[in-house]
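Here's a quick tour for anyone meeting this structure for the first time. Take a look at the model below, then read on.

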Amino acid sequence: MDPSKQETNQKKVTKIKAKKETEEFLFVVYNTMTQQKEVFKPKIPGKVGMYVCGVTSYDFSHLGHARAAVAFDVLYRYLQHLGYEVTYVRNFTDVDDKIIRRANETGEDPLRLSDRYCKEYTVDMADLQCLSPTHEPRVSDHIEQIKDMITQIINKDFGYVVDGDVFFSVDKFPYYGKLSGQKLENNRAGERVAVDSRKRNPSDFALWKAAKPGEPSWDSPWGHGRPGWHIECSAMSAHYLSFKFDIHGGGLDLIFPHHENEIAQSCAACQESDVSYWMHNGHVTNNNEKMSKSLGNFFTIRQITERYHPLALRYFLINAHYRSPLNYSVVQLESASDAVFYIYQTLKDCQDALSQLQEESPKDGKPARTTPAAQECISKLHSEFQTKMSDDLSTSVILTGAFLEALTLVNKLLTMLKKKQQKQQRLLVIQSIKEVEKEVKKVLDVLGLQPPYSHAEVLLQLKEKALTRAGLVEDDVVRLINERAEMRRNKDFLKSDQIRDDLEAKGIGLMDEGTETIWRPCVRLINERAEMRRNKDFLKSDQIRDDLEAKGIGLMDEGTETIWRPCVPVQQEPEALPSGGKVPAETAKEKSASLVSS
């Protein structure tokens, strides 16, 4: 057959397969507005408009910001994977009370301070492999759009002016509370909603704030001033996506009052305003205690990535369902870091082996075949990926099961390559490795776990982070490995084992391969558990084992050694909204400590 015709036919087959997969795997998302999962159907076929509330840029971004960013980056990537043309908008709040207070403390210009932290946030997002949104608008660049929307709201009698301030009248909007189920009296007075006796209703919120000395301000029909918090997202989403778009996202803490107020404003300005799906990511806790500055258990992204690779942090963030509560703990980061090392060590071994076998490929023009085990593995991984991702982005399930089975198979096939085989069998193994590797990389790409640099670089960086956590440098480890080798030659196994145990306690695992000893990062708690077992403290040792298994690290005791392998972690249910599916009053009243999008 003519090669060009063969290529054309192949493209047709690919399109048919893609269409069939789209029909078979309907993408379902959880809609906060309806409190149920719904089949995703964009307003315009083939195109998606998505707006996600970004950060208030007055400090380095924290773990909550990272969770929101990664959760919606996965959504962005998956929508593109499905073939949609996505317009993704994520804003920066660069005009706000918090920014002004911080600027007054530091003596900086508020907009310059905010600009600096916007840039720092962008660096953090790049480290976490988050794709750049289509648009990243700032409040200070959209004052005209904000003033225009406020004017529309006032003209339609939903807003009123008092001494240069403009307030939204919640009594005028009969559907207020439809997203959260909140009553008007539960609006959090004092949290960006000023306590002000001039309001007609205490729940009324500011659309425009009159200028105060030392604050950034702009001219307006109501006098010099600046926007309130909620109006910015309504104005910018309408500017870039129109009043009707598909997805509005953010942290769970933004449901009330921020997103509730957005709905009121947007509908007041345009009666046809409509967002199809409201999506929210869950809270972040620290060792099962809510994360907050007052408790001193607050971590910035930079603080974490100084000790753990950004890919390990991303893996940790997607290893729980995006709507589930996420508990930050060293155990989870250790296991995430180890899992990432395992993935990239497997891929590097695969790359190294295949690069040496480039000449070994079919010469007769026939399509290369794979082993039955590889075919089954690829089919299972492909099916599981599509099924779980299409079910409200169940990333945590994807990282176990068929994905781990694929990595295990690759390692088995690599071992087979080291043995003598007939040529056809060898070609079969080589092609099987290539095809399984290709499917694994597809999954990693959609999950954002495929960085632009080499596998070797990832492994080197992971080892550097492990050394940082251990308080060592490479020379220290090499010296101890040499000392241990000398002790083993002298049959002083007690001391040689002590060196190995001491390093493992610091997260440095030694592996003897023939006459050579190499090292790699390891989960430090394994050694702590071994010590407890030696002291017959089985209650605590069993607790460590159970905690690790809950995080996806399975321990196996083989004689005097304990080895680990990834296992299916215990999954937390997505955060439910009680009180008939809406935000309860007691939750709405307390200051959110989730730190998911300020």
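Let's start inside helix α13, where A402, F403, L404, A406, L407, L409, V410, L413, L414 and L417 are buried. Keep in mind that this is a predicted model. An α-helix has 3.6 residues a turn, so residues three or four places apart point the same way.

How far apart are the end C-alpha atoms of α13? Helix α13 covers residues 402-417, which is 16 residues, so at 1.5 Å a residue it should span 22 Å. The end C-alpha atoms do sit 22 Å apart, in agreement with that.

Next comes its partner, helix α14, made of residues 423-447. The axes of α13 and α14 come within 10 Å and cross at roughly 150°. Since angles over 145 degrees count as roughly antiparallel, α13 is therefore roughly antiparallel to α14. The crossing itself is left-handed.

Here's who takes part in the contact on each side:

| Helix | Residues in the contact |
|---|---|
| α13 | F403, A406, L407, L409, V410, L413, L414, M416, L417 |
| α14 | Q425, R426, V429, I430, S432, I433, V436, V440, V443, L444 |

Now zoom out to the whole chain. Its secondary structure comes to 21 helices and 17 strands. Of its 598 residues, 54% are buried. Among contacts with a separation of 6 or more, 75% join residues 24 or more positions apart.

How values were computed:
Residues numbered from 1 in each chain as written. Predicted model: local features only at pLDDT ≥ 70, side-chain atom pairs only at ≥ 80, totals over all residues. Heavy atoms only, no water. Helix = DSSP H or I, 4+ residues; strand = E, 2+ residues; numbered from the N terminus. Expected span 1.5 Å × (residues − 1). Buried < 20%, exposed > 50% of the residue type's maximum accessible area, 1.4 Å probe, protein only. Contact = heavy atoms within 4.5 Å. Axes fitted to C-alpha atoms, helices over the stretch in contact; angles between N-to-C directions. Parallel < 35°, antiparallel > 145°, perpendicular 65-115°, else oblique. Left-handed = near helix turned anticlockwise from the far one by under 90°.
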